[in-house]
Amino acid sequence: MRRSRAEPKGGGAVPLVGEAALGSVASATHAWNLAGPMPVPRNAALVSRLHDLWITPHGVIKVAVKEKATLSYHTEGGRKLGALSFAVPGVMTATAILNENHLVERVESRQTGPVLGDISMVTTYADYRDHGGVKFPARIEQTQEGSMVLAVTITEVTPNAEVNAAVPAAERVAAEKVAAGVWFLGGGSHNSVAIEMSDHVILVESPLGDERGNLVIQETKKLVPGKPIRFVINSHNHFDRSGGLRAAVVEGATVVVQAQSKGYFEKVFTNPSRITPDLLAKSGKRANVIGVAENMSMKDATRTVEIHRIKDSVHADTFLMVYLPNERLLIEADVYTPLPPNAPVPNPINALNVELVQNIERLKLSVDRILPLHGRVVPLAELHRTVGRQGFHRQGCIQLCSLWESLNEWARPLVHKGKIKEKFHALRPSNRRTSVL
Ligand SMILES: [Zn+2]
């Protein structure tokens with residue numbers, strides 16, 4: 001899939017200009033993405049990708065034969081149509097409607113998603129055309145629980161196109177200690193952060209689904225043995241960001257979300273998940289959800305964790321970021337994903353990145369480093385460079401931040417002993433405020 005963006009303001013991972021290639025692949029047991037040079041495991045998407053394969057006009061016939069579908073006939077608008085009904089255990093149930101020419105006209109299916117539980121989908125195929133002997137629809141539309149989620153016009157079809165089917169190494173978590181008791185949990189497409197408190201742990205983000213959520217939870221338990229994960233903070237309600245929350249609920253964590261999405265999460269946590277029951281569905285546990293309107297502070301003898309709403313963002317209205325004032329760390333998702341090192345300043349500038357700068361300034365947060373929930377840990381100067389801050393501030397900021405960053409590596413033990421802390425504070429770029437943009 002090649003995606004480009006029509007909106008003037010950006011979002012997620014699709015660039016503002018040009019195209020981004022994304023390959024979504026599934027085998028019987030694994031799913032992965034092809035976006036960069038290396039395939040990235042995405043097993044949370046396995047069931048939905050198998051569903052998507054088995055509802056294609058050709059896939060649905062193959063799986064109907066395999067699963068011994070029942071065939072019946074009915075009349076719709078004066079036309080006699082066939083209906084193939086079947087179930088793929090652990091994946092889906094479906095009925096494929098065949099028209100008078102035995103072409104698949106519609107597939108009505110049900111599958112379990114990591115966030116919404118069991119959902120019904122209707123996919124329609126229209127305007128079949130011949131592509132070198134292979135018939136394929138030129139128009140595909142799909143609804144989910146009655147809402148339109150997909151409308152595609154097909155202009156070109158390549159039968160039996162080549163696919164890179166090499167299954168990547170298993171999904172993993174790579175933990176990076178960013179401060180005493182704070183770990184950046186990367187190693188996949190979506191990051192999390194574990195924060196150790198006196199007698200518990202706060203997890204920021206449990207993304208994707210049960211598998212990623214569990215990997216993150218197990219890694220956190222290894223890093224902080226003996227302390228329960230009492231809270232999981234959700235950055236926003238998008239499916240990729242909230243798919244692993246249910247695993248954290250099973251672990252006993254209270255879910256912290258932006259207040260406007262509290263009711264939504266309480267509802268979806270109780271939705272039935274019967275086709276592919278996940279850990280929460282099997283556990284019978286109930287979720288405890290806290291809503292944060294604008295700010296919330298979680299504090300004990302170890303540290304303070306501040307949760308702030310990201311205001312006026314086009315990406316999401318229910319948007320939270322997490323700030324550690326003592327460590328000067330900011331944790332955010334999707335409003336800023338660092339570019340590759342030394343990448344040129346984007347043109348046009350990504351409005352989402354500007355929104356983050358504005359929110360940092362609005363809240364007067366003193367940030368040294370950003371822990372993005374996509375991508376790598378970066379100094380604040382990287383964000384400033386990405387939004388094209390000009391003049392002395394921009395240059396000075398980059399240099400000072402790089403200096404701080406490199407010194408931080410070897411100076412961290414000294415800083416924590418407080419010996420040279422104050423000197424660095426004076427040097428820090430975030431103490432050299434200038435106006436926003
Ligand atoms: Zn998002």
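This is a predicted model: local features need pLDDT of at least 70, side-chain atom pairs count only at pLDDT 80 or more; totals for chains, interfaces and linings use all residues.
Residues are numbered from 1 along each chain as its sequence is written. The term pLDDT is the predictor's confidence in each residue, on a scale from 0 to 100. Across the chain its mean is 86, and 84% of the residues reach 70 or more. Two stretches stay under 50. One is residues 391-399, for which the model has ten contacts beyond four places in sequence. The other is residues 415-437, with 31 such contacts. Two residues are in contact if their C-beta atoms, placed from the backbone, lie within 7 Å.

Now the overall make-up. The chain has eleven helices and 25 strands. Both are DSSP runs, numbered from the N terminus: helices are H or I with at least four residues, strands are E with at least two. Of the 437 residues, 36% count as buried. A residue is buried if 20 or more other C-beta atoms lie within 10 Å of its own, exposed if 12 or fewer, and partly exposed in between, with C-beta atoms placed from the backbone. Among contacts between residues at least 6 apart in sequence, 54% join residues at least 24 apart.

Two strands pair if DSSP finds at least two bridges between them. Strand β3 (residues 23-26) pairs with β4 (residues 31-34) in the antiparallel sense, over four bridges. Glycine 23 stands opposite leucine 34 of β4. The two strands form a hairpin, with four residues between them. Strand β4 also pairs with β5 (residues 39-41), antiparallel again, over three bridges. Here tryptophan 32 stands opposite proline 41 in β5. A hairpin of four linking residues joins β4 to β5.

Next comes a sheet of seven strands. It is open, its pairing is mixed, and its order is β13-β14-β15-β16-β17-β18-β19. Strands β13 (174-179) and β19 (289-292) are the edges, each pairing on one side only. From one strand to the next, the twist averages 25°. Within this sheet, β14 and β15 run antiparallel and are joined by four bridges. Valine 182 has isoleucine 195 of β15 as its bridge partner. Helix α6 (residues 262-269) lies across β18 (254-258) and β19, running at about 160° to β19. For such angles, axes are lines fitted to C-alpha atoms, for helices over the stretch in contact, and angles run from 0 to 180 degrees between N-to-C directions.

How far should its 14 residues span? At 1.5 Å a residue, residues 210-223 should span 20 Å, and the end C-alpha atoms are 20 Å apart, which agrees. The expected span is 1.5 Å times one less than the number of residues. Several residues of α3 are buried, including Asp210, Gly213, Val216 and Thr220. What covers the buried residues includes strands β14 (182-186), β15 (192-196), β16 (201-204) and β17 (229-233), and helices α5 (245-250) and α7 (279-283).

Why does leucine 215 count as buried? It has 22 C-beta neighbours inside 10 Å. Leucine 215 touches Glu171 and Val173, leaving out residues up to four places away in sequence. Glutamate 171 is 44 residues from leucine 215 in sequence, but the two are 8.4 Å apart in space, C-alpha to C-alpha.

A second open sheet has six strands, in the order β20-β21-β22-β23-β24-β25, with mixed pairing. Its edge strands are β20 (295-299) and β25 (378-379), each pairing on one side only. Strand β22 (residues 320-324) pairs with β23 (residues 329-332) in the antiparallel sense, over three bridges. Tyrosine 323 has leucine 330 of β23 as its bridge partner.

Last come the nonpolar cores. A nonpolar core is a set of buried Ala, Val, Leu, Ile, Met, Phe, Trp, Tyr and Cys residues joined through C-beta atoms within 7 Å. The largest has 60 residues, of which Val193, Leu203, Val232 and Ala248 touch the most other members. Valine 193 touches Val182, Trp183, Phe184, Leu185, Val204, Ile331 and Leu371, not counting residues up to four places away in sequence. A second, separate core of 24 residues includes Ala44, Ala45, Val107 and Leu208.
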